[in-house]
Amino acid sequence: AVVVVSVPAILVAYFGEGLEAQLLAGGLFLFGLLWLPLALIAAAHADSVFDAFNPLTTVRLFQRLPVAYAQVLLALLALALLASVSAFVVVPITDVVRGLLPPLGYIVGYLHPLYFGMLAARVLGLFVFEHAAELGR
């Protein structure tokens with residue numbers, strides 16, 4: 001799903017020339033970021049592997065729950081901002097801990113980003129669970 005939503009922006013950025021192509025690549029990248037959670041939900045919710053690559057599947061999911069999906073996007077944006085802000089606190093602390101207890105510093109440093117990824121997956125899982133009837137399951 002990550003590759004499918006990012007390929008158009010990468011192709012335009014690589015093959016395009018000029019400011020217009022870069023703006024188009026930026027717009028496609030932003031669209032891909034907004035589309036990615038829906039593509040992940042469609043991949044987890046699809047009946048077959050090929051349904052996950054069908055854009056109509058994601059369009060149908062969005063048409064059923066546009067307001068709830070906007071809430072999911074806001075929650076994921078809040079998690080991304082929280083992860084970025086907490087990195088400013090955690091990174092200096094892990095640098096100090098690495099000087100005192102190197103294994104513990106590396107463990108905390110590597111687990112910090114994974115925690116926010118797990119929270120994002122939890123948000124998407126709760127979305128699917130709470131809206132199972134609307135999603136057709």
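**Pocket lining and helix packing**

Reader: How do the residues of the lining of the largest pocket divide between nonpolar, polar and charged?
Author: In this predicted model, a pocket is an open set of points on a 1 Å grid over the protein atoms alone, where a 1.4 Å probe fits, with protein on both sides within 12 Å along at least five of seven lines, and its lining residues have an atom within 4 Å of a point. Counting Ala, Val, Leu, Ile, Met, Phe, Trp, Tyr, Cys and Pro as nonpolar, Asp, Glu, Lys and Arg as charged, and the others, Gly among them, as polar, the lining divides into 16 nonpolar, one polar and no charged residues.

Reader: Which helix gives the most to that lining?
Author: Helix 2, helix 4 and helix 5 (102–130) each supply at least two lining residues, helices being DSSP runs of H or I with at least four residues, numbered from the N terminus. The greatest contribution, seven residues, comes from helix 4.

Reader: How are helix 4 and helix 5 oriented to each other?
Author: Their axes, lines fitted to C-alpha atoms over the stretch in contact, lie 9 Å apart, and the helices pack at an angle of about 175 degrees. Since angles over 145 degrees count as roughly antiparallel and 65 to 115 as roughly perpendicular, helix 4 and helix 5 are roughly antiparallel.

Reader: And how are helix 2 and helix 3 oriented to each other?
Author: The axes of helix 2 (residues 18–45) and helix 3 (residues 55–64) come within 9 Å and cross at roughly 105 degrees. The two helices are therefore roughly perpendicular.

Reader: Which residues of helix 3 does helix 2 meet?
Author: By class, this contact (heavy atoms within 4.5 Å) has nine nonpolar, three polar and no charged residues. From helix 2, Trp35, Leu38, Ala39, Ile41, Ala42 and His45 meet helix 3 at Pro55, Thr57, Thr58, Val59, Leu61 and Phe62.

Residues are numbered from 1 along each chain as its sequence is written. Local features need pLDDT of at least 70 (the predictor's confidence in each residue, from 0 to 100) and side-chain atom pairs 80 or more, whereas totals for chains, interfaces and linings use all residues, and side-chain values use heavy atoms, without hydrogens and water.

Methods
Axes are lines fitted to C-alpha atoms, for helices over the stretch in contact, and angles run from 0 to 180 degrees between N-to-C directions. Angles under 35 degrees count as roughly parallel, over 145 as roughly antiparallel, 65 to 115 as roughly perpendicular and the rest as oblique.
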